[in-house]
Amino acid sequence: DTVEVVVPVAGRPFYLGALSSPALIGVGAIVGLNISSVVLLGGLANWWVAIPLTELNLAPEGDPLAQVWSLWSQQTRFLGVGAMCVGGVVAIYRVRGALVEALQIGRAALRLPGASDSAGQRSSPENRDDLPALGLASGILICVLSVFILLGMLTENWWASLLLTVVVLFLGFLFSAVAAYMAGLVGSSNNPVSGITIATVLLTAALVFVLGVQLTGEDSVGGPAAALLVGSIVCTAAAIGGDNMQDLKAGQLLGARPRHQQILQLFGVLAAAVVLPFVLDLLRQAYGFGESNGEQPLALRAPQATLMASVAQGVFGAELPWHQVIYGALLAVLVVLGDSFLEQRSSRFRLPVLAFAVGIYLPLSLSVPMALGGALASCQVRDDAAPPGGLLLAAGLITGEALMGIFVALIVSQGGAALFHWGRPASSALSLLVLAVTLFALRRYRFLRLDRTAKEP
């Protein structure tokens, strides 16, 4: 799957690698050249600057790849934590006005005191065909009680569970509003869900750590688990918020009734909640998650989830490399300043800090095919001779690889792993062949960009 090598230059290790993934090429094609190239830039800042500059003596008898991956796992990927925190703060600051407006509309919908007249007009039944606000509030109450019980069972401290439930409610509302606004205004590729989750895990872990004596024993995993559970709930809320906003935005353009859309969105959330646990458990049984070892040689790296777990464990174990977090935050500040300069110059190329932060903590092998897909999509923008459908094909590549991955995992979990182990040369050759066919197929289609190619009717 991955073609990778470590090249020593002046005694420093430089990593070269790419994952032969049609899905990542599709992701890069959808988000476009600007974002995918910034993700690659963040990866190069980590793998070609931070890792070579970090003290690492490559043992002649050791595997250089394993040593570089270990350094990334234990040290330099935490640069992304600091960058993510800065990116999350910047994202919230930029939508501060929309958050205040959303609060006013919510108050008016629930007929709470303090709502402005304009907000009341926009949320009135004459202007909005939504589900009853009282019914939605009842649903929220049921969810909050469920979270409270779940956290109480996990922490075995109901006062701590009450406090964490308040954290979930506050951060869930705040961050889902940010994510929905960004996704609805710019697109799902600008949903700052990674920065939101990192900030939530850090804040919750710090809060739980203060209550650590009463909440968890010295050797208990209850503290990190509680922080991760809160982070996962807020992360899911933010992701669903962005997805639902895109649905409602498309529905408004097409003339759909919000009430009907909202009902089906609720069914969609329930369907995902029922199906996804079984899929994740299937992947765990077939491969495992995290670092590869003797027990799980084919473990899925899951870089985002592993990073969140490392952050939560690091706060409680005092093992978090805070110097890397601080360096990452300073680097993100420079990126924000650079993006502000480009904005003032009205440059078409921008430096979104969250995309840069994602590139820092992702393996470079994932960023390369994304950049390749973005470059390919950029070449198609003004190619009117090609048939349309590039974006749809790219979306199909993502869905197809996900479904195929589940199908393969089902076979592997039933003892059929030998069917897919053909040895490195044959597997690499087949992967590269599939990659070449994917690029050829995408080359034939035009990627429609409304902001560049659409014309007034």
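Me: How many aromatic pairs does the structure hold?
Reply: This is a predicted model: local features need pLDDT of at least 70, side-chain atom pairs count only at pLDDT 80 or more, and totals for chains, interfaces and linings use all residues. Residues are numbered from 1 along each chain as its sequence is written, and side-chain values use heavy atoms, with hydrogens and water left out. Rings of Phe, Tyr and Trp (its six-membered ring) pair if their centres lie within 6.5 Å. The number of aromatic pairs in the structure is six.

Me: Is the pair of Tyr15 and Trp47 stacked, tilted or edge-to-face?
Reply: Planes under 30 degrees apart count as stacked, over 60 as edge-to-face and the rest as tilted. Tyr15 and Trp47 lie 4.7 Å centre to centre, with 40° between the planes. So this pair is tilted.

Me: How many residues apart are Tyr15 and Trp47?
Reply: Helices (H or I, at least four residues) and strands (E, at least two) are DSSP runs, numbered from the N terminus. Tyr15 sits in strand β2 (residues 12–19) and Trp47 in helix α1 (residues 22–53). The pair links distant parts of the chain, and the separation is 32 residues.

Me: Are Tyr15 and Trp47 buried or exposed?
Reply: Buried means under 20% relative accessible area, exposed over 50%, and partly exposed in between (1.4 Å probe, protein chains only). Tyr15 and Trp47 are both buried.

Me: What is the angle between the ring planes of Phe148 and Trp158?
Reply: The ring centres of Phe148 and Trp158 are 5.4 Å apart. Phe148 is in helix α6 (residues 133–155) and Trp158 in helix α7 (residues 158–185). Their pair is tilted because the angle between the planes is 50°.

Me: Which residue has its charged end over the ring of Trp72?
Reply: Ring pairs join Tyr15, Trp47, Trp69 and Trp72 into a cluster. A charge sits over a ring if NZ of Lys or CZ of Arg is within 6 Å of the ring centre and within 35 degrees of the ring normal. Over Trp72, 5.4 Å from the ring centre, sits the charged end of Arg77.

Me: Which residues are linked in a network of salt bridges?
Reply: Arg350 meets Asp339 at 2.8 Å, N to O. Arg350 lies in the loop between α13 (322–344) and α14 (353–361) and Asp339 in helix α13, so this pair ties together parts 11 residues apart in sequence. Glu343 also forms a salt bridge with Arg350, at 3.6 Å between the closest N and O atoms. The network links Asp339, Glu343 and Arg350.

Me: How far apart are the end C-alpha atoms of helix α8?
Reply: Helix α8 (residues 193–210) has 18 residues. The expected span of a helix is 1.5 Å times one less than its number of residues, so helix α8 should span 26 Å. The model agrees: the end C-alpha atoms are apart by 26 Å.

Terms used: Salt bridge = Lys/Arg side-chain N within 4 Å of Asp/Glu carboxyl O.
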